[in-house]
Structures are given as structure tokens and as C-alpha cells.
Amino acid sequence: MHWLTVYLFLLDVSIRLFFKITCSASDFRLQGDYILGGLFSLNILQPKRQVYPVALECQRYDFDDASYQMLQMMRFAVEEINNSSSLLPNVSLGYEIFAHCSNTQNFPSVFSFISQNGSVPVNRRRDDYQPKIIALTGPYESTATITVAPFFMVDLIPMVNYGSSSYELSNKKLYPSFLRTVPSNKDLIWIIILIIKQFGWNWIAFIGSKDDYSQDGLNLFYQYSRQHNICLAYQELLSQNSDYYLTLQKIEKLNIKVIVVFSIQKVAESIIKSAIKKNIKNKVWIAGEGWSMSKHLQNEPGIENIGTILGITGKLMELPGFNEFVYRTHGKSDTESVGYEEQGTCNQVCEKCANVSSEEIISENPSFSFPVYAAIYTIAHALHNFLHCDANGCNKSIPVYPFMLLNEMKILDFSLNGQEVRYDQNGDPCVSYGVVLWHTEASPPFVEMIGEYNTYPEITFTINKSFSSWVSDTSVPFGKCSADCKEGYQREKDKNQACCFQCKICPSGTYINVTYPYICVPCNADEWSEEGSINCEKRSVMYLSFTAPLSILVMLSAASLVASCIAVTILFSFNYHTPVVKSAGGSMCFLILASLTMASLSVFFFFGQPTVLHCVSRNVMFYFFHSVCFSCMGVRSFQIVCVFKMASKFPKVHRWWVKFNGQWLAVIFTCIAQLICCILWVTIQTPAPFRDESSHKNEIILGCSSGALGPFYTMVFLIWFLSVLCFVFSYMGSDLPKNYNEAKSITYSMLLFYISWSFYFTTEIAYVSVYVQLFHAIAQLSSLFGILLSYFIPKCYVIIFQPKKNTQAYLQTCIQNYTQTISRM
């Protein structure tokens, strides 16, 4: 603080020596009980470097009609308050207004405001310091405000600003006595983000001016855009001397359709005029509050060709009495009576003010009329509360110190012209903004309110998207880097820009999630999808159900096979001593029938949802008991050949075979070998239920694993080896006596066995389906039926329908005839 004290002292001496402030009464000055300060940018300065300190004379630069309208609004508000009987009765407000045309060279006005009795005390206490003004409003631009604000923050002199929206000014540690009647850039940028999101744009250019206002807006826009998947494709802060054509060329090259122009009005005018000259078309221009209601640009020739212009502005409202005030006070032609004389050096001289007509003032951009109006009423209401005013008047004996007035402002809550005026902890007001659409094609051009954003009493945002004023088409302009992908396509991000992508169809078995369209999400194991899907469907779980018609048919066939085996067993039991039963194998035929019955039961384990019991039983029962059948039939066919062909040639072998019951030894050995294979197959790696999820995309096939392959292939090999032996031996005895020739029956059953299993293996190789398991069951069943039908049923027919052939005499006759035939050969 020491440096600031010295600086203030030196400037105070400079003011006393070089600037004698003797400004006469005019539009810029009014006497009153309490003086308010006003800073307005009446003149537009082209900044340039100075090699030595200099105080500017603002009247030498271009005049700004809009700022002069704001000045008149302050004067109108003060007059209205002074004429009010309810607000500050018997108290008159005065004002002192300065033209503030430079951010760094307009300090005489500042020191005039903070002076006390014509000087700026160096060492002062807040409770004993009464500067010339009790509060001030202005200046308009953020950079100007940030420059002069520290002089007022030191003593907590309230600054109720009407135009500076830089978010930096919301920092109460740096700007404790700063309040404003316009929302901060944070709210302005947020509204722009909402508009962009509402229309689905994400490829945006941001153009601003080289000042704190635009830099602050750019920082906020970058922050918000990253949070909401909006790409800042191009950004640039321009001065009035920048190359606007080059900027527009870069935007065209990047194919950007949506341009945010968040700048002071002069820069905005330059960029829009350059776009008109360069014949830029079919763009969407989003105007910041600084130029969204610019009358000059609305009437610029050719502006209707550049595209659609949307703007952010404060709620446009009529202020009753203002027009009459302007006509009454500004309609005079005598400059002396209005107070425009060139007297004083405090930037209160305004030669050009007299040349502005009342109509020009009234028709100017009204965006900041209410903020100026609200700023003056904020000071008035705070003073009203501090002086304990009522219907009888105010207590003027209370000394008014600026910091005390600030405390009252912070807790204000009043309605002004239907608008709520209150301030949050950062000194920012309730937000009430409108979104306007420029109708530049109309004559004369006009603006239409198409949306609103409010934060009081709650946050609301509405916008009419159905308007049909898009320049190139009635549909919303395309404002993205890449066109949206079709359904079922994923976005492959560009390495440099997150909003740019390529579209790639999602393969089958995956889907695209609309909430995150950058990854094809794999379906779950129990789901499936076609190529280019947006969701997965449940996969059908397939197994042989007990209730399926084919399953019922196969199970009925298996049941009939079991019943037939039982019936044949009963029939053979009653005819056990007959030649037919003995020729069929005698007691061995009962083992064959029992094995057929047990093997038939394995078919039932193919149906229903597979379990370990199903997987083990369906194969073990079939392979073991079928091996028993084949070993018995092989022995029978071998025995027949031995009896009729080999007994005479190998008598010793035949005797040995008969003596040691060779047929039973062979059967037992074969059964033990197959049993060992079955046990090894089950114990080494138990067959278990298996879910085939890869064969069909829309189905899950429930089956059984193969288990240990070594023992399994040994089981299969053994049963096929037995079948080959049966076929060879039976084929060798195919020319034996017809009536009792089991060899032919065995041959037929083996042929049916080969046909059934060849059909099954072909189906399994060529086709993957749950019905392959059904073919497996049918193959087992048909091979069992082959034995029953070709080996046992003919014998049952003889027993039941040809009993004459079931006698010992008939059998001997057949053998004798065969022997005689052989001997003659």
C-alpha cells in the first residue's frame, strides 16, 4: 500500500498544479445533497503508444451515440428519483459525469471523484473520509473498469457498474466494493453454450477484441466447451487494425459454420463489414451483448447475405418517461443553455453532444438502458435505507460514508419496472437475458425475441427452435466438424480434434451405445447382435427339450425298444429249450437283450438341460452295453463259422473252445476292457455340460464336453473293432443253412449300424446345431433297433407263427441237407 499512497500524493499535486477543475453546470454536472459519479465512453479512442505521460481531451475523438444515450439515462434516473415522493423524500441527488475514453490516460476524473474538498488526502480513515461522491456507475468496458477500480476499492467506494461483464470482477478479494447490474461473462458465455447445444453444433469459431472483456469470455468459453463436447475450432482476439480478411479466410478453410463474435461493438462492426465485402454466406453469427442490438449493423447494406444472426441481450423493456425527458432536455438548440461550453479540463466538454438529435438518442441500442437505470436506483435505495427514510422524510444528519452505503447495497432486494434487483455474494445481479434473432431481410430490419434465460426465481432457459429464418434453408444449419454417424456405426476420433471423427460400422456381436458412440460394446455371452446394431438381443438357449415333438418321438421309440426287448425276453424264457432259442445263443441271448435294454435307456439322457449325469450316462451306458451286445454277437458269428466250417479242419481248437467256454471268456474280456476305458474316461476328465457360444451368433447350444479324448477314442475304437469282427465272421457264414443262420441277421444289423453312424458323422461335420444331438440319439437307437429287428424279431416270428420249424427234427433235417450239399461240392 505504500507505493499507492506515494502515487496518490504525486497525482494530487499534479492535479492541483495542472488541472484546475472549474466545470460549469451542464449535462455532466448537477448539484445535490449527495453526488453520484458517472463514467461513460462518449468517445472512441484508437489506442497508440505514448512516450511521455499525457492527459487526453476525449472530445477530439469519434463520438459514440450509444454511450451518450446511457449518459442521458443516468440523468433521467436521477431526475426521476429527485421528483419521487416515496424514494429519498426531501433529499436531492446530484451527479458529476466524465467522458472516459481511455483505459490508461483518463485519471483526472478518478481523482476528482475520490477527492475531498479539492484534494486527495494521503493518510485517511474510512470512517472519517467523505470523498466528493458517495458512489459511482461505469465505466462501460471491462478493461477500463479493471484499470480504475483499485482507486475506489481502497476506500470501499461502491462502484455499481452498468456494462463491465468480465468474470474477474466477481472476485471480492480484489474488488470488494464492485457491484454490477449486468450479468458476468460467466452467464453470457453459458447462454451461448446453451444455444450451441440446443441446435446441436460443436464446430465453433470464437472471435473477440483485444481487451479483458473478450479474453475473459474466451477463457470461459474454452472451459465450458471442453465440458460439453464442443470444439473451439478457431479462436482469435482482434484489434481495430487487424487483418479481418485473413481471419475470415481461415474460418472458411476450416469449414466453420458457427461464429461467436464476443467483442466490443467496433471490432464486431469491422468483422461483419468484412464478411459482407468478402461475400461470406450461410454462417450463423452469435452476437455477444456488446453488439447484439446494434442499429448500425442491422441497417448495413448486404448484411442479409452473410447468414443468420442470433444475439444475447438484456430484457428489452420500456422505461416510461425517458423519451419525454430526452425531448424536453435535449430539444434545445442553444448550446449555452444545455451546458456544452468549452470550459474546464476535466473531459466534460462535448461539442458533438449538441449535434445529436433526440430521435437518434431514443433509437440507439437499448441494451444497457435498464442496467444504467438500475445502477442509479441501487444507489438511491441503499441511501434511502441508510438515512432511515420514511413518508416524513430522511435523516440527513447521519453522516454517509461510502463503505457504509456498500453494506446496504449488498442486502438490497427491490422490484424496478417489473424486474427484480438483488445482488449475490459476488455483487452480481439476477440474470434475465433474452435471445434475439435478426430479421435483416425485412425492410426495415428488426429483431425478434426467440428465447429467454432467467436465474430468478429459478434457472430457466427456453428457445423457439421452430423459427424459419435460416438463410439457406428452413432446417437448422449444419455446424459440426463431422456428420453424425448412422445407427450402428461407431465414431473413430480424429487425433487432433475430438469433434471430428470417421464412421465405422460395428461388427456382429457388438452394439453402439448412443451415450458413448466411440466404442462398439461387445454383447454379453448370452446376447447377440447383427452388424450395425444399437442393442443386443438375448440368445436362444437351445437343448433337446422333453416336450419337443421330435424328442417325444425318439423317446417313444426308445421306450418301444425297451418294451420289445422285455417282450422278447419273456418269449424266449418260455421257449428257452426250443431249437430257435438255442440257435440264437441260448443264455447268451438274454445277456444281449438285457444289454439292448440298458443301452436303450441311454437315449433318454439326451433330453432336458444337460447335467454331469446326462453327459456321463448318455455315452457310458451306450458304449459299454453296446460293446456287450457286439461281443456276444461276434462270439456267436465266430461260433457258427467254427461249428460248420472249422470243426473239421481245426478239431483241437474247437475242443479247447468248447472245454473252456471260449465264448464267455471272450465276452468277459471284451466287457472288462470296455469297462476300464469307461472308468478312465469318466475319472481323468469327467464329461460336463458345455455351452457352445461360438457356432451360432443367435443361439447358445447346450451340450456335453468330450472329456478325456484318449479313453474316449479307445471306447469308440473298441466298439467299431467289434462291429468289424461281427461283420467279417457273419459274412463268412452267410451261406450256412437259411432257417438257423444268425450270420445273415448279424450282417444286416451291422450294415444298419454303419449306415446310422455314417449319417450321424456326416451331419456332425457338415452342420452345427442342437439337432446334431438328436441325430446322435437316433443313431444309437437305430443301431440298437438293428440288432433287435434283424437278430431277434425273425426268431420271434418263427416261434409264434411257424412253430413247426421250431423243432429238433426240422433243425436236423436242415443241417443234413446243408452237409450233403457241401459234400457234393
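**Disulfides and burial in a predicted model**

In this predicted model, C523 and C536 are joined by a disulfide, with an S to S distance of 1.9 Å.

Me: What makes C523 and C536 a disulfide?

Reply: Their sulfur atoms lie 1.9 Å apart, and because a pair of cysteine sulfur atoms within 2.5 Å is taken as a disulfide, the pair qualifies. The torsion about the S-S bond of C523 and C536 is about -75°, so this disulfide is left-handed. C523 sits in the loop between β22 and β23 (527–528), while C536 sits in the loop between β23 and β24 (537–538), so the bond ties together parts that are 13 residues apart in sequence.

Me: Why is C523 called buried?

Reply: C523 has a relative accessibility of 14%, and because buried means under 20%, C523 falls in that class.

Me: What is the handedness of the disulfide between C231 and C499?

Reply: The torsion about the S-S bond of C231 and C499 is about 100°, so the disulfide is right-handed. The pair links distant parts of the chain, with C231 in strand β10 (residues 231–238) and C499 in the loop between β19 (489–493) and β20 (501–505), 268 residues apart. C231 is buried at a relative accessible area of 7%, and C499 is buried at 5%.

Notes: Residues numbered from 1 in each chain as written. Predicted model: local features only at pLDDT ≥ 70, side-chain atom pairs only at ≥ 80, totals over all residues. Heavy atoms only, no water. Helix = DSSP H or I, 4+ residues; strand = E, 2+ residues; numbered from the N terminus. Buried < 20%, exposed > 50% of the residue type's maximum accessible area, 1.4 Å probe, protein only.
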